[in-house]
Amino acid sequence: LICIVWYYNIQSYQQLNAGKFKVIHDMEQRLPYPCYDEEWRYLAEGKDPRVYRPFTTIERRIPVVLALPYIGLFIYGLVTLI
């Protein structure tokens, strides 16, 4: 259960950050230089993982990987009870 809650917490932060960047990009339209748009362009707009791999993409894998031993122990516990 902890791994599931952890996963959804990471997903929530990803959504929050996406909203914040939408606001920043809207504000940037009024600035003389589009620094965040340029940064995103240099990072291949997140489409090439060799150039940029979003942190949340990596971070969401951690609870899944850590849940696997718990699932294995749970199944082992059930099998030994039978």
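Predicted model: local features only at pLDDT ≥ 70, side-chain atom pairs only at ≥ 80, totals over all residues.
Two residues are said to be in contact when heavy atoms of theirs lie within 4.5 Å of each other.

**First stop: Gln-14**

Select Gln-14, a residue of helix 1. Which residues does Gln-14 touch, not counting residues up to four places away in sequence? The answer is Thr-56 and Arg-60.

**Second stop: helix 1 against helix 2**

Next, select residues 2-28, which form helix 1, and residues 35-42, which form helix 2. Two packed helices are described by the angle between their axes and the distance between the axes. Here the angle is about 120 degrees, and the axes are 8 Å apart. Helix 1 and helix 2 are therefore oblique to each other.

Now show the side chains where the helices meet. Helix 1 contributes Phe-21, Ile-24, His-25 and Glu-28 to the contact, while helix 2 contributes Cys-35, Tyr-36 and Asp-37. Sorted by class, this contact has four nonpolar residues, one polar residue and two charged residues.

How many aromatic pairs does the structure hold? There are three, and two of them are visited here.

Keep Phe-21 and Tyr-36 selected from the previous stop. Their ring centres are 6.0 Å apart and their planes stand at 75 degrees, so this pair is edge-to-face. Since Phe-21 belongs to helix 1 and Tyr-36 to helix 2, the pair ties together parts that are 15 residues apart in sequence. Phe-21 is partly exposed at 39% relative accessibility, and Tyr-36 is also partly exposed, at 34%.

Then move to Trp-40 and Tyr-52. The centres of these rings lie 5.9 Å apart with the planes at 75 degrees, so this pair is edge-to-face as well. Trp-40 sits in helix 2 and Tyr-52 in the loop between helix 2 and helix 3, and the pair thus links distant parts of the chain, 12 residues apart. Trp-40 has a relative accessibility of 35% and counts as partly exposed; Tyr-52, at 28%, counts as partly exposed too.

At 28% relative accessibility, Ala-44 is partly exposed.

Select Glu-45, which is found in the loop between helix 2 and helix 3. Glu-45 has a positive phi of about 55 degrees, although it is not a glycine. Its relative accessible area is 42%, so Glu-45 is partly exposed.

**Last stop: the cysteines**

Is Cys-3 buried or exposed? Cys-3 is buried, because its relative accessible area is 12% and buried means under 20%. Cys-35, by comparison, is partly exposed at 36%. A disulfide is a covalent bond between the sulfur atoms of two cysteines. How many disulfides does a search of the whole structure find? The search finds zero.

Note on methods
Residues numbered from 1 in each chain as written. Heavy atoms only, no water. Axes fitted to C-alpha atoms, helices over the stretch in contact; angles between N-to-C directions. Helix = DSSP H or I, 4+ residues; strand = E, 2+ residues; numbered from the N terminus. Parallel < 35°, antiparallel > 145°, perpendicular 65-115°, else oblique. Nonpolar A, V, L, I, M, F, W, Y, C, P; charged D, E, K, R; others polar. Disulfide = S-S within 2.5 Å. Buried < 20%, exposed > 50% of the residue type's maximum accessible area, 1.4 Å probe, protein only. Phe/Tyr/Trp six-rings, centres within 6.5 Å; stacked < 30°, edge-to-face > 60°.
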